[in-house]
Amino acid sequence: MKRSIITTSDGSKTIQIEDLNERYHSIHGALQEAMHVYILAGFNTYLKRHPKQIKINIMEIGFGTGLNTLLTASLNSKVNNKVYYHGIEAYPVNKRELDLLNYDNIIKSEASIFRLIHDCLWNKTHEILPNFFLKKKLDFFSNVNEINMFNVIYFDAFGPRVQPNLWTEFIFKKMYDSLRLNGILVTYSAKGSVRRNLQSVGFLVERLPGPPGKREMLRATKVL
Ligand SMILES: C[S@@+](CC[C@H](N)C(=O)[O-])C[C@H]1O[C@@H](n2cnc3c(N)ncnc32)[C@H](O)[C@@H]1O
């Protein structure tokens, strides 16, 4: 499928899939969306709710461009927890696309964190920054089988319009089982069917204000 790089409303870039009219991030601002949904409502909220938890396991459903990984690694270099980040992806972004995205512009640091993220090998764990361990897993979401492992899930699949099979009870049950008690899942989608499917596998679901251009987003907590 033809993919092209486009600029979103906050000036940050993303990938567009022409045939599907679908993007990796919001057209209203890729960086703003990633910060709002995954970093503030996800990682930051978990840290606030569990200030004594030092070791945090994060799983990202749809590693994609590595933007969420970049922002999480950068934030963690300030708070310095021990983060194990598992990015699941079946169709990696290529080098030409990564160069065009130019996310080095977003986090300026001596060694390019974006390069460190993309240069490390798939299916191996690398400590790419002190206390930030990254495992990029080349696999399909349906193969996630971990039990009680993650504290936070960034659920960032393509939307229900184009991949309805990824927003089902079948997938959300896997997410629920893979989370530890009190773990959270955050996602940009606030669709009614998504919320109901999350609730029906056992999650307590909050509707939160969405990033610019979106009224709401969802945060689901494993409470039992
Ligand atoms: C919305 S994009 C993810 C954006 C990403 N979080 C980022 O910040 O760039 C969805 C990602 O899921 C991947 N994907 C789609 N279907 C998949 C599947 N069944 N298993 C694994 N990865 C899949 C796509 O290749 C794409 O990278």
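**Close-up views of a predicted model**

**View 1. Helix α5 and its strands.** Helix α5 (residues 169-178) lies across β4, β8 and β9 (179-187), and runs at about 135° to β9. Helices (H or I, at least four residues) and strands (E, at least two) are DSSP runs numbered from the N terminus. Axes are lines fitted to C-alpha atoms, for helices over the stretch in contact, with angles from 0 to 180 degrees between N-to-C directions. Contact between two residues requires C-beta atoms, placed from the backbone, within 7 Å. The model is predicted: local features need pLDDT of at least 70 and side-chain atom pairs count only at pLDDT 80 or more, whereas totals for chains, interfaces and linings use all residues. Residues are numbered from 1 along each chain as its sequence is written.

**View 2. The open sheet.** Eight strands form an open sheet with mixed pairing, in the order β6-β7-β5-β4-β8-β9-β11-β10; strands pair if DSSP finds at least two bridges between them. β6 (125-129) and β10 (204-209) stand at the edges with a single partner strand each, so one side of each has no neighbour in the sheet. Strand β4 (residues 55-61) is joined to β5 by seven bridges, and the two run parallel. Glutamate 60 has glycine 87 in β5 as its bridge partner.

**View 3. Glycine 29.** Glycine 29 is in the loop between β3 (22-23) and α1 (30-49). Glycine 29 is buried, with 20 other C-beta atoms within 10 Å (buried: 20 or more such atoms within 10 Å; exposed: 12 or fewer; partly exposed: in between; C-beta atoms are placed from the backbone). Not counting residues up to four places away in sequence, glycine 29 touches residues including Thr8, Asp10 and Pro211.
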